[in-house]
Amino acid sequence: MHSKFLNYFDEVARQGSIRRAAAVLHVSSSSVNRKILDIEERLGVKLFDRHAEGVELTAAGVVVLEHCRKTIFDYEKIMHVVADIREMRAGHIDIASLDSVALSLLPAAIDQFARQYPDITYTIQTAQPDEIVRAVADGVAGIGISFCNDLHPGIRLRTEKSAPIGAILNKNHPLAERDALEIEDLSPFPLIRSYDALAERSLVNLALADNNIPLKTACFTNSLPLARSMILNGHGIGLYSKIGFLHEIETGSLRYLPLKSSFLKDLKIGLLIPSRSNQTPIENALCRILSKSLRVLRLDS
């Protein structure tokens, strides 16, 4: 049996008429009838009983119809899979990310992905947490990487990782030998803070909302490299998660100290995707790599 017969046979069974099936298929009735007669001869059994009003499946015809429809379904499923694979040869991915993630996790993940899919192109924008969530929810970005404790209804969480915000200090800072810090321990020292600290929904500001502790900020910046340089040069204490400072923390030039704030300790970074649309195959493939890369990071100790 071949694909033309499968379609002919399936449509005749649906229509209960060779003439009506031929009209739907845009072929002649004689072509449809001849194909069915040829298969009946090869099988040595009638598939349809013919009568004045049309045709009716025989017992053998019912068995053959089940095979036909399963074969058609499986063929269409394979074609969808092949199309998905073909689409991965070229395409474009829009990503919205925290600056810290763009500097630490993204380069290696995209390098790995690009070796498999070299013709994929990207738009990668760094933004503040609320801007990333909005971009993904609105479909502007297909993938977002941001803090995810308070999810927007237009967002689905693909992967999450504990990423508390703490104090990032130069190794020679007076507080560097502590194991953890209270919020009030920060008050005598200048702070280096993310630019989102100027917004109402700043994560650190939310944590400090119930404290009447005066804190002085030496610099607000949306540049993590600048913040890192200022902290390394002893110009202040950074209030960040570890993710943008992993190399310096591992080599000992910077120290990360947890802050005794339940809100900041419970923060998580997540891989965000839109809830209102399905991921493309290339987005899904990149998400698998990003998820694995995120899971292996040690950000909470």
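In this predicted model, the largest nonpolar core holds 57 residues, and F113 and L290 are the members that touch the most others. Helix α12, spanning residues 281–296, gives the most to this core, with seven residues. Once residues up to four places away in sequence are set aside, F113 touches I93, I120, Y122, I282, A285, L286 and I289.

Five strands form an open sheet with mixed pairing, in the order β4-β3-β5-β12-β6. The strands β4 (120–126) and β6 (155–162) stand at its edges and have a single partner strand each, so that one side of each is left without a neighbour in the sheet. From one strand to the next, the twist averages 20°. Strand β3 (residues 91–97) and strand β5 (residues 143–147) run parallel and are joined by three bridges, and A96 stands opposite G144 in β5.

| Helix | Strands it lies across | Angle |
|---|---|---|
| α6 (residues 106–116) | β3, β4 and β5 | about 170° to β4 |
| α12 | β3, β4, β5, β6 and β12 (268–274) | about 20° to β6 |

Helix α9, residues 224–232, can be described by its buried residues and by its two ends. L224, A227, R228, M230 and I231 are buried in this helix, and they lie on the same side of α9 because they cover an arc of only 165° around the axis. At the start of α9, a side-chain oxygen of S223 reaches to within 3.3 Å of the backbone nitrogen of L226, while just after the helix G234 takes a positive phi of about 80°.

A further site is D10, a residue found in helix α1 (residues 3–15). Is D10 buried or exposed? Its relative accessible area is 8%, and because buried means under 20%, D10 counts as buried. The side chain of D10 is joined to that of R14 by a polar contact of 3.0 Å. Leaving aside neighbours within four places in sequence, D10 is also in contact with L65, R69 and I72.

Key: Residues are numbered from 1 along each chain as its sequence is written. This is a predicted model: local features need pLDDT of at least 70, side-chain atom pairs count only at pLDDT 80 or more; totals for chains, interfaces and linings use all residues. Side-chain values use heavy atoms; hydrogens and water are left out. A nonpolar core is a set of buried Ala, Val, Leu, Ile, Met, Phe, Trp, Tyr and Cys residues joined through side-chain atoms within 4.5 Å. Buried means under 20% relative accessible area, exposed over 50%, partly exposed in between (1.4 Å probe, protein chains only). Helices (H or I, at least four residues) and strands (E, at least two) are DSSP runs, numbered from the N terminus. Contact means heavy atoms within 4.5 Å. The arc is that of the directions from the helix axis to the C-beta atoms. A polar contact is a pair of N or O atoms within 3.5 Å; within protein, one must be able to donate a hydrogen and the other to accept it, and residues adjacent in sequence count only if both atoms are side-chain atoms. Two strands pair if DSSP finds at least two bridges between them. Axes are lines fitted to C-alpha atoms, for helices over the stretch in contact, and angles run from 0 to 180 degrees between N-to-C directions.
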